[in-house]
Amino acid sequence: MSVPHGPTRAPVAEPHTQEPGSIPAAQVSLALFGGKVSGAVADPVAGFFINKSRRTGSGRLMPWVLGCMPLIALAYFFLWFLPPFTSLRGLWYTSFYCLFQALATFFQVPYTALTMILTPSPRERDSATAYRITMEMAGTLMGATVHGLIVSSAHGSHRCEGTVHPTSTAVSPDVARLYCIAAAVVALTYPVCGSLLCLGVKEQPDPSAPASGQGLSFFTGLGITSRHPPYLNLVVSFLFISAAVQVEQSYFVLFCTHASKLQDHVQNLVLTILVSAVLSTPLWEWVLQRFGKRTSALGICVMVPFSILLAAVPSAPVAYAVAFVSGVSIAVSLLLPWSMLPDVVDDFQLQHRHGPGVETIFYSSYVFFTKLSGAGALGISTLSLGFAGYEAGACQQAEEVVVTLKVLIGAVPTCMILIGLCILLVGPTPKTPSQDTSSQLSLRRRTSYSLA
């Protein structure tokens, strides 16, 4: 599974490296780690160039969003394209996955920064964030469903009955063609959704701000913002929480396949997680408004006892219960940091008065740290499977692999979530500005936005 994307972003899947016999596990680990690192490195780069960019006829941020769309679509398509050569397939998928992650970052930074200027009201910003997260997960659900329906005929027969290794490891031309068709269908949603974003949100210049900023430079701002206590607390806590969620998501399918013999339920379990996350996001938005953001953070740990239960009792009923609860926890883990980050930005501007231009710095650096954390966690976890003797495509894994999978979906996420929550709950809280102060901060921003 992967991070959800919204109505303006097509759903994303990991590169097509899971076909039996295609790519060794070490190369898969390198591809995943390299992609995550490239996305993380691209965040400050994107923040720097966007911060330095001049206003055009369509605005300052929108050209970045629209310019990345065709390139993202092409990179996504080639993630699922099976090259005719076999010796360099690992390099092929690593290169395109890194390119895809970097391009997606150059879209994500300006896209998420729009939330800061849509409205000066913190409550309305939280509602807009909840709507965005809900639509992102709904888009992921639709993309996964469409992709799965197109390629379902390629996985109609079970090739592992009574064998340790599958009877055939070759990828037939028909299977490769189905994956290309599915990738093309999903890739087309990128330019379509980008056009909808352009039509729905209009950048308008603030007459009190210059066209190109003389405000805080990117590197100076990065040094100052990285020392802001509420921001440090938010980043460090969600370094652990985001990494835990990514590990849980990434190895849940492998656990169901090799450690609990629930491979026939994998598709339904993934859909259960996505549906649960989509349906629970509006509920979590109400909880955030009613009980506060820090109290809502406790909802992240709801998945902890169920994950431990699944590792101890790997059965179908428990797996579906874990899938549903995991979706609920994933929803709040995605919603909460994006709801708290605007409060941190406002708190910083109230204390430092550096003027406009800090939103991009905060958003790009936050995503940089969380991506880097996820890359490290996934890389180490995948290598640990390799050391345990994991064989890609094998129908039966060694007992050491089964134990490692149980640790990866039970003990590892539990420890990381509890550490992250402790840091979040005991750290400093950003001050929430009054409505008048929020309006003044909004007027100081370099760019204003209005809904068409």
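**Helix packing and burial, discussed step by step**

Modeller: In this predicted model, helix H2 contributes Trp 64, Val 65, Cys 68, Met 69, Leu 71, Ile 72, Ala 75, Tyr 76, Phe 78 and Leu 79 to a contact with H3. On the side of H3, the residues that meet them are Trp 92, Tyr 93, Phe 96, Tyr 97, Leu 99, Phe 100, Leu 103, Ala 104, Phe 106, Phe 107, Pro 110 and Tyr 111.

Colleague: What makes H2 and H3 roughly parallel or roughly antiparallel to each other?

Modeller: The axes of H2 (residues 62-79) and H3 (residues 89-113) cross at roughly 155° and come within 9 Å. An angle over 145 degrees counts as roughly antiparallel. The two helices are therefore roughly antiparallel. Their crossing is left-handed.

Colleague: Thr 94 also interests me. How do you know whether Thr 94 is buried or exposed?

Modeller: Thr 94 is found in helix H3, and its relative accessible area is 14%. Buried means under 20%, so Thr 94 is buried. Not counting residues up to four places away in sequence, Thr 94 touches Gln 27, Leu 30 and Ala 31.

Colleague: Which residues in H13 and H14 meet?

Modeller: Ser 381, Ser 384, Leu 385 and Ala 388 in H13 meet Glu 400, Val 401, Thr 404, Leu 405 and Leu 408 in H14. By class, this contact has 5 nonpolar, 3 polar and 1 charged residues.

Colleague: How do you know whether Ser 381 counts as buried or exposed?

Modeller: Ser 381 is found in helix H13. Its relative accessibility is 7%, and the limit for buried is under 20%, so Ser 381 counts as buried. Leaving aside its neighbours within four places in sequence, Ser 381 is in contact with Val 247, Tyr 251 and Leu 408.

Colleague: What makes H8 roughly parallel or roughly antiparallel to H11?

Modeller: H8 and H11 pack at an angle of about 25°, with their axes 13 Å apart. Angles under 35 degrees count as roughly parallel, and H8 is therefore roughly parallel to H11. The crossing of H8 and H11 is left-handed. Glu 248, Phe 252 and Phe 255 of H8 make the contact with Met 303, Ser 307, Leu 310 and Ala 311 of H11. The residues of this contact divide into 5 nonpolar, 1 polar and 1 charged.

Colleague: How do you know whether Ser 333 counts as buried or exposed?

Modeller: Ser 333 lies in helix H12. A relative accessibility of 7% falls under the 20% limit, so Ser 333 counts as buried. Leaving aside neighbours within four places in sequence, Ser 333 is in contact with Phe 238, Ile 241, Val 245 and Ile 300. Ser 333 and Ser 296 are 37 residues apart in sequence and 9.6 Å apart from C-alpha to C-alpha.

Colleague: What span does helix H15 reach, and what is expected at 1.5 Å a residue?

Modeller: H15 (residues 411-426) has 16 residues and reaches 23 Å from its first C-alpha to its last, which is close to the expected 22 Å. Buried residues in H15 are Pro 413, Thr 414, Met 416, Ile 417, Gly 420, Leu 421 and Leu 424. These buried residues pack against H8, H10, H11, H12 and H14.

Colleague: Finally, what does the secondary structure of the protein come to?

Modeller: It comes to 16 helices and 2 strands. Of the 452 residues in the protein, 55% are buried.

Note on methods: Residues numbered from 1 in each chain as written. Predicted model: local features only at pLDDT ≥ 70, side-chain atom pairs only at ≥ 80, totals over all residues. Heavy atoms only, no water. Axes fitted to C-alpha atoms, helices over the stretch in contact; angles between N-to-C directions. Helix = DSSP H or I, 4+ residues; strand = E, 2+ residues; numbered from the N terminus. Parallel < 35°, antiparallel > 145°, perpendicular 65-115°, else oblique. Left-handed = near helix turned anticlockwise from the far one by under 90°. Contact = heavy atoms within 4.5 Å. Expected span 1.5 Å × (residues − 1). Buried < 20%, exposed > 50% of the residue type's maximum accessible area, 1.4 Å probe, protein only. Nonpolar A, V, L, I, M, F, W, Y, C, P; charged D, E, K, R; others polar.
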